[in-house]
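Thank you all for coming. I would like to walk you slowly through one model this morning, beginning with a helix and then turning to charged pairs.

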Amino acid sequence: MPPITPLPQYLAQRYHGWRAMSYAENKAWYRRLAEEGQRPRAMVISCCDSRIHVTSIFGADEGEFFIHRNIANVVPPYAPDGDHHGTSAAVEYAVTVLRVANLVVLGHSQCGGVKGCHDMCAGNAPHLEEKTSFVGRWLDILRPTYERNADIADEAERLRAMEKEAVLVSLENLMTFPFVREAVEAETLTLHGLWNDIGAGIIESYDPEKNSFQPV
C-alpha cells in the first residue's frame with residue numbers, strides 16, 4: 001500500500017461544518033438524490049484550475065450538473081483504441097446513460113494549460129516535449145490553437161485567443177464521437193462553448209453566426 005495519511009485537519013473541520021449546517025438543513029434532498037439517482041440536465045467540461053467553480057458560477061445545486069474537469073478543459077478526438085480514456089468515458093456516460101440535454105465546454109482566462117501549450121509550441125518548454133510528460137502529450141491536442149493564432153503579435157492577446165480556440169477545438173472533437181453527433185442531429189443534445197474571464201467575472205458564449213465569443 002502507498003503511504004496514506006488521515007485527512008488534513010482543515011478539511012475535516014470543513015466537512016463537519018458542512019454536515020452540521022448544509023446537510024442537516026437539507027437531509028430530505030440528499031436522501032432523495034441517493035435513492036432516486038442523478039438526473040443532471042447538463043454536462044460541463046471545465047479546467048482543473050482551482051479558480052473555476054462551476055456550481056458557484058451558475059448557482060447550481062447537487063444533482064444539476066455532471067462535471068468533468070481536466071487540464072485546459074480539453075476533449076480529445078474519438079479514439080476507440082482500447083486504451084484508458086477518462087474524458088471520453090465521461091462524455092460517453094453523460095450522453096448515452098444520463099442523456100444530458102446540454103453539453104458545455106467552459107474555458108477560462110489565465111489558463112496554465114493553454115500557456116503550457118503555447119510555450120511548448122514556441123520551443124520554450126522542453127520538459128513538455130518529453131514523451132514521458134503526461135501534460136505535454138495531453139496538450140498536443142491543443143497545438144492547432146497555437147497555429148491558428150501564431151500571427152497575433154501581442155503574447156497576452158495570443159494566449160487569450162488560444163484559450164477561446166481551445167474551447168472550439170474541444171467542441172470540434174466532441175462531434176467526432178458518433179453518439180454525440182447522433183444526439184446533436186436528433187436534437188436531443190445541444191453543445192455550448194463558454195469562456196470565463198476570472199478577474200472580471202464575465203462569461204462569454206461562442207456565437208457561430210458571428211464566429212466569435214459574445215458576453216452572455
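This is a predicted model: local features need pLDDT of at least 70, side-chain atom pairs count only at pLDDT 80 or more; totals for chains, interfaces and linings use all residues.

Residues are numbered from 1 along each chain as its sequence is written, and side-chain values use heavy atoms, with hydrogens and water left out.

Now to H9, where 15 of the 20 residues are buried, so the helix is largely enclosed by the rest of the structure; buried here means under 20% relative accessible area, exposed means over 50%, and partly exposed lies in between, with a 1.4 Å probe and protein chains only. Helices are DSSP runs of H or I with at least four residues, numbered from the N terminus. H9 covers residues 155–174 and spans 28 Å from its first C-alpha to its last, close to the 28 Å expected at 1.5 Å a residue, where the expected span is 1.5 Å times one less than the number of residues.

Because glutamate 165 lies in H9 and arginine 148 in helix H8 (residues 143–148), the pair ties together parts that are 17 residues apart in sequence. Glutamate 165 counts as buried at 16% relative accessibility, whereas arginine 148 is partly exposed at 41%.

Let me move on to helix H10, residues 178–185, in which Phe179, Val180 and Ala183 are buried. Seen down the axis of H10, these buried residues fall within an arc of 100°, so they line one face of the helix; the arc is that of the directions from the helix axis to the C-beta atoms. The face turned away from that buried side carries the exposed residues Glu182 and Glu185. Glutamate 185 also forms a salt bridge with arginine 181, their closest N and O atoms being 3.8 Å apart, and the two residues, 4 apart in H10, are separated by about one helical turn.

Finally, the structure holds 12 salt bridges, and a network of them links Glu129, Arg137, Asp140 and Arg143.

Note on methods:
A salt bridge is a side-chain nitrogen of Lys or Arg within 4 Å of a carboxyl oxygen of Asp or Glu.
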